Amino acid sequence: MSEPAAPALRSVPNFRDAGGHATRDGARVRRGSLYRSVALDVASDRDLQALTDLGVRTVFDLRTAMEQSRRPDHLPAGARHVSLDLLSDSGEADPSTVFALMEDPPRASAELGDGATYRFYVATYRDLIRLPSAREGYGRLYRTLADPEARPALVHCTTGKDRTGWAVAALQLFLGVPEEDVVDEYMSSDLEVRRAFAHVVDEFVARGGARDVIEPLMSVHPSFLQAALDAMHDEYGSIEAYFEVGLGLEVALLQALRHAFLE
């Protein structure tokens, strides 16, 4: 019996099921096992109840320690919070620093003009492959997801498009979803995030900021995901080697992950 579609959550934009996609060999990624969204600090009681009704047992928080401390998650009843600071080894490449800078639009525009925000995101996607903290965090994510007691689960970062985008894209690629379908799913965040955060962009511009400086924070581009894909292929050669060598996941664990997510 197929799982029902994920409900729309008013206070949690960019929420959707990571499953439902066909693989190259005719299988399908199981629905109702992994969801994705923005951070849950904005979640209403009604939407938290919807997540409880979905049976969410684990919430993976991919934000930095600073982001989490400033805006801690609200959790569905009974869910376990797993903190995975993927970018703790990144030094200055910290999204919380960029978001804080955006609170001063003229200064942000002066410091991040001429495509600097765009370049920051390309570099961050490469960091998601190369940083030890990112490899450790993603490895723990998939290791935990292989445990049936952890599912259904929800994974998020701040806007649910970048760190979460790679988390879901990598899993789908590993499970055998064609790359073009993975890119399409990744790009689904673009409309969702632009619509949900249009007021943030408009306010930034109204306060003297440049639109091209803030838009990369509130959108996704295929070139961002491509930067991660290129780094993954350069470092490991294939998605399978990335999971096994880069993330340190044993063959038996990878088999369990496939069993858990494919039908």
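A residue counts as buried when its relative accessible area is under 20%. In this predicted model, N14 has a relative accessibility of 1%, so N14 is buried. N14 sits in the segment before strand 1, and its phi is near 60°, a positive value in a residue that isn't glycine.

D114 belongs to the loop between helix 4 (105-111) and helix 5 (116-130). Exposed is the label for anything over 50% relative accessible area, and D114, at 69%, is therefore exposed.

Five of them make up an open sheet with mixed pairing, in the order 1-2-5-3-4. Strand 1 and strand 4 (80-83) are the edge strands, each pairing on one side only.

Strand 2 (residues 34-37) has strand 1 (residues 16-17) as an antiparallel partner, over two bridges. R36 of strand 2 is the bridge partner of R16. Strand 2 also runs parallel to strand 5 (residues 153-156), and four bridges join the two. Looking at individual bridges, Y35 is partnered with L154 of strand 5, and S37 with H156 of strand 5.

## Which way strand 2 points

In a regular strand, side chains alternate between the two faces of the sheet. Here is how that looks in strand 2: L34 and R36 point one way, while Y35 and S37 point the other way. Are these four residues buried or exposed? All of them are buried. That puts R36, the bridge partner of R16, among the buried residues of strand 2.

Have a look at the loop between helix 6 and strand 5, where P152 lies. The peptide bond joining R151 and P152 is cis, with omega at about -5°.

## Helix 7 and its neighbours

Helix 7 (residues 163-175) lies across strand 2 and strand 5, and runs at about 150° to strand 2. Helix 7 also meets helix 6 (residues 132-145): their axes come within 12 Å and cross at roughly 55°. That angle makes helix 6 oblique to helix 7, and the crossing is right-handed.

Which residues make the contact between helix 6 and helix 7? Helix 6 brings Y138, L141 and Y142, and helix 7 brings R163, W166, A167, A170 and L171. By class, the contact residues of helix 6 with helix 7 come out as seven nonpolar, no polar and one charged.

## Helix 8 against helix 11

Two packed helices are described by the angle between their axes and the distance between the axes. For helix 8 (residues 179-196) and helix 11 (residues 222-236), the axes come within 10 Å and cross at roughly 130°. Helix 8 and helix 11 are therefore oblique to each other, and their crossing is right-handed.

On the helix 8 side the contact is made by E179, V183, Y186 and M187, and on the helix 11 side by P222, F224, L225, Q226 and L229. The residues of the contact of helix 8 with helix 11 split into seven nonpolar, one polar and one charged.

Notes: Residues numbered from 1 in each chain as written. Predicted model: local features only at pLDDT ≥ 70, side-chain atom pairs only at ≥ 80, totals over all residues. Heavy atoms only, no water. Buried < 20%, exposed > 50% of the residue type's maximum accessible area, 1.4 Å probe, protein only. Pairing = 2+ DSSP bridges. Axes fitted to C-alpha atoms, helices over the stretch in contact; angles between N-to-C directions. Parallel < 35°, antiparallel > 145°, perpendicular 65-115°, else oblique. Left-handed = near helix turned anticlockwise from the far one by under 90°. Contact = heavy atoms within 4.5 Å. Nonpolar A, V, L, I, M, F, W, Y, C, P; charged D, E, K, R; others polar.
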